[in-house]
Amino acid sequence: MSDPHLDGNALAGPLREIFAVDVTSATSRCAACGQTGAVANLHVYPNAPGLVARCPGCEEVVLRMVRTPDAAWLDLRGAVSLRIPI
Amino acid sequence: MARAAIPGRLTWRVGKLAEARAETPTARTLVLDVPGWPGHLAGQHVDVRLTAEDGYSTQRSYSIATPADGDRVELTIQAVPDGEVSPYLTEVLSPGDPLELRGPVGGWFVWRPTGVDPVLLVAGGSGVVPLMAIVRARRAAGSRVPFRLIYSVRTPGDVYYADELRRRARDDAGLDVTFAYTRAVPDGWPHPPRRIGVADVNTNGWPPALTPDCFVCGPTGFVETVADILVALGHDPRRVRTERFGPTGG
Amino acid sequence: MLRVGIVSPGFRGRPRSSGPELPPGQYLTEDFPVLSAGPTPRVPMDRWEFVITTETSREHRWTWADLMALPSETPTVDIHCVTKWSKLGTTWRGVSLDTLMSDVDTAADYAFVHSYGGYTTNLPLADLLDGQAWVAYEYDGDGLAPAHGGPARLLVPHLYLWKSAKWVRGIQLRFDDEPGFWETAGYHDYGDPWREQRYQGD
């Protein structure tokens, strides 16, 4: 089993501060290996200076989020695309 | 220093503890009144924020234990040894005290009563909380969708909602509840305590041919073991939804 | 301290203290929290290496045996994590970057540090020299545990601890300051705890 981690459900609250819709049920495509799946299924490592979500297939970083006092930094370079159901 | 809320984005709200109920010697259900609560789907969770006098603050996520019910939101908290937040929520927070929370959040691990496929719920320890919300939502909606809950727990004394589950298994038509005990079994149990395995899921779950929606919740190791079993048994991975709880958020 | 939430009556949190010997906004901790942005890399010792690459692509390599053969130091230092915990008087054993850089010819100003597992961070080369940094392989008298960055990590205690890259693999010397893993996600390029440089723009 991989190191202790949570999953993308843990991103729901922080992402909901930025977006008006739930993003955890969106489908992401990993930029490194192409695997697709729900954001809720990403491996999330929350014990860090920010939230890091990795591909369950290849463990490369798909999404990162840092919350500063007056901003949220969202880095999605590890995702080719996000398909968000509306 | 409240910042103007941006419409559509979620911000923190303050609820008040109305009452608390012991579920086990170490777990407590908090009944919160949250004015203006927008409602929620069964399976969703909230983020809870605690702030000390000196401004230090910390957050944890907790699943909502009940279906939408006006301003009422219930959370079941497990006291974690040497935890930072759970001892406060299970021992210090008192009726009338405020509690800051953000939610509801989570759109993946949810069940809507409009679903028609059978549902399999597999709970590991405190992972039963969102699944109980789903069981209660089914009843509240008058749904007849066939449900099976497999609840893995260390000992009979660790079971949350024990009386209610007994009652529902008897009275909610179409709901079956089975237990898997990992450390100590009740008298007369057919086998010694053991970790949940293929046999439990195969015998007490739904056959893949019925294309059930599966919800698995608990610690990461438990969730991955059960999800692997379900897929190995032939369930469509897209129909298996998982939610991992921290090893110990505290 | 700026309070952002309502006070939770009776909530204390973990034992913590602040004090004049701590940088602003930091709390003293007795344990050693493990923070990580991903799975712990497992590096077989027979394949472990540390590489300094100059701006002209010249490489200086050390195997584990090479590292162990170098003179080591046992610094006692205070460490400060940007998540607000600090630990005073931590003891380490490692090889000074002054030793590792002693035969390296460079005109570069910046260092881009990279680790097994993909983590990266950046800092001025000057902050790695003059007794300010080590490749550390022992903590508190024992071999450095994988969770804390073992077999070897960078240790640069005068900056926030995210600059002390765990599982360090190499340093690339550059003319420009290339932001690393956390720096591209909102954290400060330099990270001086005494000026509370946590985030970009601080």
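**Entry 1: ground rules**

I count two residues as in contact if their C-beta atoms, placed from the backbone, lie within 7 Å. The model is predicted; local features need pLDDT of at least 70, side-chain atom pairs count only at pLDDT 80 or more, and totals for chains, interfaces and linings use all residues. Residues are numbered from 1 along each chain as its sequence is written, while chains are lettered from A and ligands numbered from 1 in the order in which they are written.

**Entry 2: confidence**

I looked up the scores next. The predictor gives the complex an ipTM of 0.92 and a pTM of 0.92. I keep one caution in mind: where pLDDT is low, the predicted coordinates should not be read in detail.

**Entry 3: chain A**

I took helices (H or I, at least four residues) and strands (E, at least two) as DSSP runs, numbered from the N terminus. Chain A has 1 helix and 8 strands. Their order along the sequence is β-α-β-β-β-β-β-β-β. I then checked the radius of gyration, taken over C-alpha atoms, against the globule rule, which is 2.2 Å times the number of residues to the power 0.38. A compact globule of 86 residues would have a radius near 12 Å, and chain A agrees, with 12 Å. Along the principal axes, the C-alpha atoms of chain A fill a box of roughly 35 × 30 × 20 Å.

For burial I counted other C-beta atoms within 10 Å of a residue's own, all placed from the backbone: 20 or more is buried, 12 or fewer is exposed, and in between is partly exposed. In chain A, 50% of the 86 residues count as buried. Of the chain A contacts with a separation of 6 or more, 48% join residues 24 or more positions apart.

**Entry 4: chain B**

I found 5 helices and 11 strands. The radius of gyration is 18 Å, close to the 18 Å that the globule rule gives for 250 residues, so chain B is as compact as a globular protein of that length. Its C-alpha trace spans about 55 × 40 × 30 Å along the principal axes. Buried residues make up 44% of the 250. Among chain B contacts between residues at least 6 apart in sequence, 72% join residues at least 24 apart.

**Entry 5: two domains in chain B**

How is chain B divided into domains? I read domain 1 as 13-104 and domain 2 as 119-244, with bounds from an automatic or database domain assignment. The domain centres, taken over C-alpha atoms, are 24 Å apart. Their contact takes 13 residues from domain 1 and 13 residues from domain 2. On the domain 1 side, β1 (13-24) and β5 (72-78) each supply at least two residues.

I sorted residues by class: Ala, Val, Leu, Ile, Met, Phe, Trp, Tyr, Cys and Pro are nonpolar, Asp, Glu, Lys and Arg are charged, and the others, Gly among them, are polar. The domain 1 side has 5 nonpolar, 7 polar and 1 charged residues.

**Entry 6: where chain B meets its partners**

I started with chain A. Here 20 residues of chain B are in contact with 18 residues of chain A. From chain B, β6 (98-105), α5 (220-233) and β11 (240-245) each supply at least two residues. This side of chain B divides into 5 nonpolar, 9 polar and 6 charged residues.

Then I turned to chain C. There, 18 residues of chain B are in contact with 15 residues of chain C. The elements of chain B that each supply at least two residues are β3 (45-51), β4 (57-63), α1 (86-92) and β6. β3 gives the most, with 3 residues. By class, this side of chain B holds 8 nonpolar, 4 polar and 6 charged residues.

**Entry 7: two residues**

I picked B:V159. It is found in the loop between β8 (147-153) and α3 (162-171) of chain B. Is B:V159 buried or partly exposed? B:V159 is partly exposed, because 19 other C-beta atoms lie within 10 Å. B:L120 is 39 residues away along the chain, and the two C-alpha atoms are separated by 18 Å.

I also picked C:Q172, in strand β11 (residues 168-174) of chain C. C:Q172 is buried, because 20 other C-beta atoms lie within 10 Å. Leaving out residues up to four places away in sequence, C:Q172 touches C:T53, C:F112 and C:H114. C:E55 is 117 residues from C:Q172 in sequence, yet their C-alpha atoms are 7.4 Å apart.
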